[in-house]
Amino acid sequence: MDNVIAQSEPLMPRETSVHEAGYDVEHEHAFVPQHRHHFETEEQQREAGSFGMWLFLLTEIMFFGGLFFAYLLYRNWYYDAFVPASNFLSIKWGGTNTAILITSGFFMALAVWAAEVRNKQILVWTLVATMLFGWAFIGIKGIEWHDEWVHHHIPGSGYDVSEFVNPKAHGITDAKPLPPDMAQRTQIFFFLYFGMTGMHAVHMLIGLGLLFWLLWRAQRGDFTDGYVAPIENFALYWHFVDIVWLFLFPLLYLINRHPLAH
Amino acid sequence: MSHEAAHEHHYHDPANVTNPEHAEHHIVTPLQYCYVYGTLLFFTILTILAADWDMGIFNPVVALAIACTKAVIVILFFMHVKYQSNLIKMTVGCGFFTFIILITMTLLDYISRAWGLW
């Protein structure tokens, strides 16, 4: 319907807006309860949601980006300290955790599919699997942190540099002994290590909390009736947290195994 | 005449009204997720093996290249960016581009200072 005609039509009831009149006549809509009236179409609503979620994730990129950048500069500055400190970390645990996190992300991706095809049972179970692997990741992270604590690698007054000053006395044969001043700089590595893996773990815990809520709503049937957005947007968050770890793992655990002689 | 009609038709593309963002709703199948999952695990093993191999200054380069490959795979398929509208693709691209600018500019400042020479 032409808007001009609608406006000049005196029999048009006042409460029917021009927009609404054109809207209803020109194209048909299947109205669904989750479709908000200020969106033209369901696709538009869906896209607006994804767009907003991505804007949030971009701020997260900047947040973690600052931490990664600090790591880059300090590794460049105190390279000799970062090498033995980094090699103290266990590739076995780090690699296992990478696989666990990818598995968790895989189940989250399947959860989105389950919500799309409206299968409540698969949705609930994939969300449970996502959570279990998420908690397994946190558990292994706890084992690793405990290991650092036992070795007095928590930065602060209780920090012990003896393993880096005299590695042979601690049974570490492949590390070069560090002068005491450089050995103190290993604290910066562990400071960044705990800061980066800690902030990552905080994001995981927030995600695991949200998963409880989503699971409760999913078993109530909220997301298997065509309303996929909360599952879809949470999946974006969960995969983003995965991606952060995909960079943390090589940077913290892997890249210092063959130190440059300089 | 036919050219005009085609033009007319293009101008009044009904999708501009019914789907202004031209966003297609694509459902990724579980089988495709399995392929993505296998690829990510493969690259995880590859990056651990690569760390064992002494490549000099290229160890961090290779590790980061593998990490970037994995991240792109996650973004395209797990996060469905491959199937999203151009607006979403541009948004994601702009975000990473801005991040690279920030890193590059800060590094330029860092490497252009006479560290230790004053």
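Predicted model: local features only at pLDDT ≥ 70, side-chain atom pairs only at ≥ 80, totals over all residues.
**View 1. Chain A is built from helices, with 10 helices and 0 strands.**
Followed along its sequence, chain A reads α-α-α-α-α-α-α-α-α-α. Of the 262 residues in chain A, 33% are buried. Where do the contacts of chain A with a separation of 6 or more come from? Residues 24 or more positions apart account for 72% of them.

**View 2. Chain B also reads as helices, with 5 helices and 0 strands.**
The pattern along the sequence of chain B is α-α-α-α-α. Chain B has 118 residues, and 19% of them are buried. Take the contacts in chain B between residues at least 6 apart in sequence: 51% of these join residues at least 24 apart.

**View 3. Chains A and B meet, with 40 residues of chain A in contact with 44 residues of chain B.**
Which elements of chain A give two or more residues to the side that touches chain B? They are helix H3 (42-77), helix H5 (91-116) and helix H10 (229-254) of chain A. H3(A) supplies the largest share of this side, 13 residues. Sorted by class, the side of chain A that touches chain B holds 23 nonpolar, 10 polar and 7 charged residues.

**View 4. H3(A) and H10(A) pack against each other at an angle of about 20°.**
The axes of H3(A) and H10(A) are 10 Å apart. Because an angle under 35 degrees counts as roughly parallel, H3(A) is roughly parallel to H10(A). The crossing of H3(A) and H10(A) is right-handed. On the H3(A) side, the contact is made by A:Arg46, A:Gly49, A:Met53, A:Leu57, A:Glu60, A:Phe64, A:Phe68 and A:Tyr71. H10(A) answers with A:Ala229, A:Asn233, A:Leu236, A:Phe240, A:Val244, A:Phe247 and A:Leu251. By class, this contact of H3(A) with H10(A) has 11 nonpolar, 2 polar and 2 charged residues.

**View 5. Helix H4 (residues 79-87) of chain A packs on helix H9 (residues 186-219) of chain A at about 55°.**
The axes of H4(A) and H9(A) lie 8 Å apart. Roughly parallel or oblique: how is H4(A) placed relative to H9(A)? The angle makes H4(A) oblique to H9(A), and their crossing is right-handed. From H4(A), the contact draws on A:Ala81, A:Phe82, A:Pro84, A:Ala85 and A:Ser86. From H9(A), the partners are A:Thr186, A:Phe189 and A:Phe190. The residues of this contact of H4(A) with H9(A) divide into 6 nonpolar, 2 polar and no charged.

**View 6. Helix H6 (residues 120-150) of chain A has 31 residues and reaches 45 Å from its first C-alpha to its last.**
That span is close to the 45 Å expected at 1.5 Å a residue. Which residues of H6(A) are buried? They are A:Leu123, A:Val124, A:Thr126, A:Leu127, A:Thr130, A:Gly134 and A:Phe137. These buried residues of H6(A) pack against H5 and H9 of chain A. After H6(A) comes A:His152, and its phi is positive, near 55°.

**View 7. B:Phe43 sits in helix H3 (residues 30-52) of chain B.**
Setting aside neighbours within four places in sequence, B:Phe43 is in contact with B:Ile66, B:Thr69 and B:Lys70. For a sense of scale, look along chain B to B:Ala114: B:Phe43 and B:Ala114 are 71 residues apart along the chain, and 40 Å separates their C-alpha atoms.

**View 8. B:Leu108 belongs to helix H5 (residues 86-111) of chain B.**
Is B:Leu108 buried or exposed? B:Leu108 counts as exposed, because it has 9 C-beta neighbours inside 10 Å, and the cut-off for exposed is 12 or fewer. B:Ile45 is 63 residues from B:Leu108 along the chain, and the C-alpha atoms of the two are separated by 34 Å.

Conventions: Residues numbered from 1 in each chain as written. Chains lettered and ligands numbered in written order. Axes fitted to C-alpha atoms, helices over the stretch in contact; angles between N-to-C directions. Helix = DSSP H or I, 4+ residues; strand = E, 2+ residues; numbered from the N terminus. Parallel < 35°, antiparallel > 145°, perpendicular 65-115°, else oblique. Left-handed = near helix turned anticlockwise from the far one by under 90°. Contact = placed C-beta atoms within 7 Å. Nonpolar A, V, L, I, M, F, W, Y, C, P; charged D, E, K, R; others polar. Buried ≥ 20, exposed ≤ 12 C-beta atoms within 10 Å, placed from the backbone. Expected span 1.5 Å × (residues − 1).
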